[in-house]
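Work through the exercises below with the sequence and the model open. Try each task before you read its solution.

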Amino acid sequence: MTAVAVGGLQHIGFASKSDLLLVVSVSGRGVVDCATGGKVARDDEEYHPDFGSLEAEGIGPLEGQQIRVAGTSGGGLSHATEDGWLIELHPLSWPEEEFFLCPPGQTMLWNPPAAEPELFKLRPLPSSLVAYGFSPTGKSFVIATSSDLEIYSRA
């Protein structure tokens with residue numbers, strides 16, 4: 001897991017078929033490569049995405065691309081991968097909710113297979129959650145709050 005501090009984070013969105021994540025905050029835009037956790041590009045100019053279509057202009061390696069975003073204005077990222085991984089949010093200790101990562105072949109937490117389910121408890125739901133979900137490649141997923149970005153990735 002890699003943590004990246006992003007003050008005033010408002011929206012995030014993955015570029016098509018990649019692990020490059022566009023991050024929109026109150027102080028500009030950035031691009032993070034979720035496969036490595038490295039910051040790839042940064043623009044400090046104030047920017048507001050198109051709230052009607054939930055899209056933002058890419059910068060750096062995403063220059064010229066319109067990226068679908070999720071965040072404070074709505075939208076969402078994928079909660080499943082093509083090879084069967086799921087990220088789920090469940091209220092086990094209501095009213096608190098917690099994130100769980102379910103490997104391929106594991107059904108929903110509330111309908112586990114006959115064998116002992118293999119779930120990975122990640123963390124409690126932060127009160128400042130902005131968005132969460134998988135990249136289009138399924139190799140990484142993110143949990144974004146108003147102040148930071150948690151990046152999980154696999155080879």
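**Exercise 1.** Which backbone oxygen does the side chain of Arg42 reach, and at what distance?

*Solution.* The model is predicted: local features need pLDDT of at least 70 and side-chain atom pairs count only at pLDDT 80 or more, while totals for chains, interfaces and linings use all residues. Residues are numbered from 1 along each chain as its sequence is written, and side-chain values use heavy atoms, with hydrogens and water left out.

Step 1. The side chain of Arg42 reaches the backbone oxygen of Arg29 at 2.9 Å. This is a polar contact, a pair of N or O atoms within 3.5 Å; within protein, one must be able to donate a hydrogen and the other to accept it, and residues adjacent in sequence count only if both atoms are side-chain atoms.

Step 2. Place Arg42 in the chain: the residue is found in strand S5 (residues 38-43). Strands (E, at least two residues) are DSSP runs, numbered from the N terminus.

Step 3. List the contacts, that is, heavy atoms within 4.5 Å. Leaving aside neighbours within four places in sequence, Arg42 is in contact with Ser25, Ser27, Gly28, Arg29, Gly30 and Ile59.

**Exercise 2.** Is Ser25 buried or exposed?

*Solution.* Step 1. Recall the cut-offs: buried means under 20% relative accessible area, exposed over 50%, and partly exposed in between (1.4 Å probe, protein chains only).

Step 2. Ser25 counts as buried because its relative accessibility is 3%. The residue lies in strand S3.

Step 3. Compare with Arg42, which counts as partly exposed because its relative accessibility is 47%.

**Exercise 3.** How many salt bridges does a search of the whole structure find?

*Solution.* Step 1. A salt bridge is a side-chain nitrogen of Lys or Arg within 4 Å of a carboxyl oxygen of Asp or Glu. The search finds 3.

Step 2. Asp43 pairs with Arg29, with the closest N and O atoms 2.9 Å apart. This pair links distant parts of the chain, since Asp43 is in strand S5 and Arg29 in strand S4 (residues 28-33), 14 residues apart. Asp43 is buried at 18%, and Arg29 is buried at 8%.

Step 3. Asp44 pairs with Arg42, with the closest N and O atoms 3.2 Å apart. Asp44 is exposed, at 59%.

Step 4. Asp83 pairs with Arg154 at 3.0 Å between the closest N and O atoms. Asp83 lies in the loop between S8 and strand S9 (86-93) and Arg154 in the segment after S14, so the pair ties together parts that are 71 residues apart in sequence.

**Exercise 4.** In what order do the 5 strands of the open sheet stand?

*Solution.* Step 1. The order is S5-S4-S3-S2-S8, with antiparallel pairing. Two strands pair if DSSP finds at least two bridges between them.

Step 2. S5 and strand S8 (70-71) stand at the edges with a single partner strand each, so one side of each is left without a neighbour in the sheet.

Step 3. S2 is joined to S8 by 2 bridges, and Ile12 stands opposite Ala70 in S8.

**Exercise 5.** How many residues does the largest nonpolar core have?

*Solution.* Step 1. A nonpolar core is a set of buried Ala, Val, Leu, Ile, Met, Phe, Trp, Tyr and Cys residues joined through side-chain atoms within 4.5 Å.

Step 2. The largest one has 17 residues; Leu9, Ile12 and Leu21 are among those with the most contacts inside it.

Note on methods. Helices (H or I, at least four residues) and strands (E, at least two) are DSSP runs, numbered from the N terminus.
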